[in-house]
Amino acid sequence: MHTYVFDAYGTLFDVHAAIARYRSAAGPEADKLSEIWRTKQLEYTWTLTLAGRYADFWTLTERALDYALARVPSVDRALRPRLLEAYLSLDAYPDAAATLAGLKARRANLAILSNGSPRMLDAAVSAAGLTALFDAVLSVDAVRAYKPRREVYALATERFRVEPEQIVFVSSNRWDVMGAACFGFRPLWVNRTRAPDEYADAAPLREISDLAAIGEVALGG
């Protein structure tokens, strides 16, 4: 039986969906705001982990939005609570539900392994109608450190009691794929934006263009 472990934000859920819901209200610099928000959100996970500190992902999401709003003053700060509320129910990518259901029909184990806090993940998975498809939803809160720390990826091997090479890890974030490859997972890189490759010494098992392509990858064993 295959075990598939999915990153959440950027892989199953569109991190730019929150600003998309309020694009008209945000104005012409809406995309700039969203890019800064996401960049700082991730930056905070890395810098805190390197410093041996921890704050949950919701706190970092709030801090990142505050920074983005300060950098893009054309966006009305009154949007802040609505943007944060929208982030709790981000849109799943259109191919997510069908792909997961297809894997489940093949009796695969399915899990999420995410930087997100349990509250964030429960809200996103529920809003997308995906709850019944997952055997586990794993949060870095359990180890109080962020990806790509090895103890984060170990949450999946411990949950399913398997070796790393028995897990197919799916992420759209190339740095996450790097971490997963170094841990020993068989990672798939969902490169929707055709970004250039990085981390040549920690290559994915396969690069795919969307989640639907997972079903076309021959994994063997």
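Ala, Val, Leu, Ile, Met, Phe, Trp, Tyr, Cys and Pro count here as nonpolar; Asp, Glu, Lys and Arg count as charged; the others, Gly among them, count as polar. The model is predicted, so local features need pLDDT of at least 70 and side-chain atom pairs count only at pLDDT 80 or more, while totals for chains, interfaces and linings use all residues. Residues are numbered from 1 along each chain as its sequence is written, and side-chain values use heavy atoms, with hydrogens and water left out.

Start with the open space. A pocket is an open set of points on a 1 Å grid over the protein atoms alone, with protein on both sides within 12 Å along at least five of seven lines; a lining residue has an atom within 4 Å of a point. The largest pocket holds about 550 Å³ of space. Volume is the space filled by probe spheres set on the points, with grid points joined across faces, edges and corners. Of the 21 lining residues, His16, Arg38, Ser172, Asn173 and Thr193 are the closest to the centre of the pocket. Two or more lining residues come from each of α3, α9 and β5 (186-190). Helices (H or I, at least four residues) and strands (E, at least two) are DSSP runs, numbered from the N terminus. α3 gives the most, with five residues. By class, the lining has nine nonpolar, seven polar and five charged residues.

A cavity is a set of grid points where a 1.4 Å probe fits but cannot get out. The whole structure has two cavities of 30 Å³ or more. α3 (30-50) and α9 each supply at least two of the lining residues. Four residues of this lining are nonpolar, three polar and four charged.

The second largest cavity holds about 30 Å³. Val15, Ser34, Trp37, Arg38, Gln41 and Tyr87 line it. Again α3 gives the most, here four residues.

Next, follow α3 to its helix neighbours. Axes are lines fitted to C-alpha atoms, for helices over the stretch in contact, and angles run from 0 to 180 degrees between N-to-C directions. The axes of α3 and α4 (residues 57-71) come within 8 Å and cross at roughly 135°. α3 and α4 are therefore oblique to each other. Angles under 35 degrees count as roughly parallel, over 145 as roughly antiparallel, 65 to 115 as roughly perpendicular and the rest as oblique. The crossing is right-handed, meaning that the near helix is turned clockwise from the far one by less than a right angle. Contact means heavy atoms within 4.5 Å. Among the contact residues are Trp37, Arg38 and Gln41 of α3 and Phe57, Leu60 and Tyr67 of α4. The contact divides into twelve nonpolar, three polar and four charged residues.

α3 also packs with α5 (residues 80-87), at about 60° and with axes 14 Å apart. This crossing is right-handed. Leu33, Trp37, Arg38 and Gln41 in α3 meet Leu83, Leu84 and Tyr87 in α5.

Finish at α9. Helix α8 (residues 150-160) and α9 (residues 174-183) pack at about 65°, with axes 10 Å apart. That makes α8 roughly perpendicular to α9. Their crossing is right-handed. The contact includes Tyr153 and Ala154 of α8, and Asp176 and Phe183 of α9. Five of the contact residues are nonpolar, two polar and two charged.
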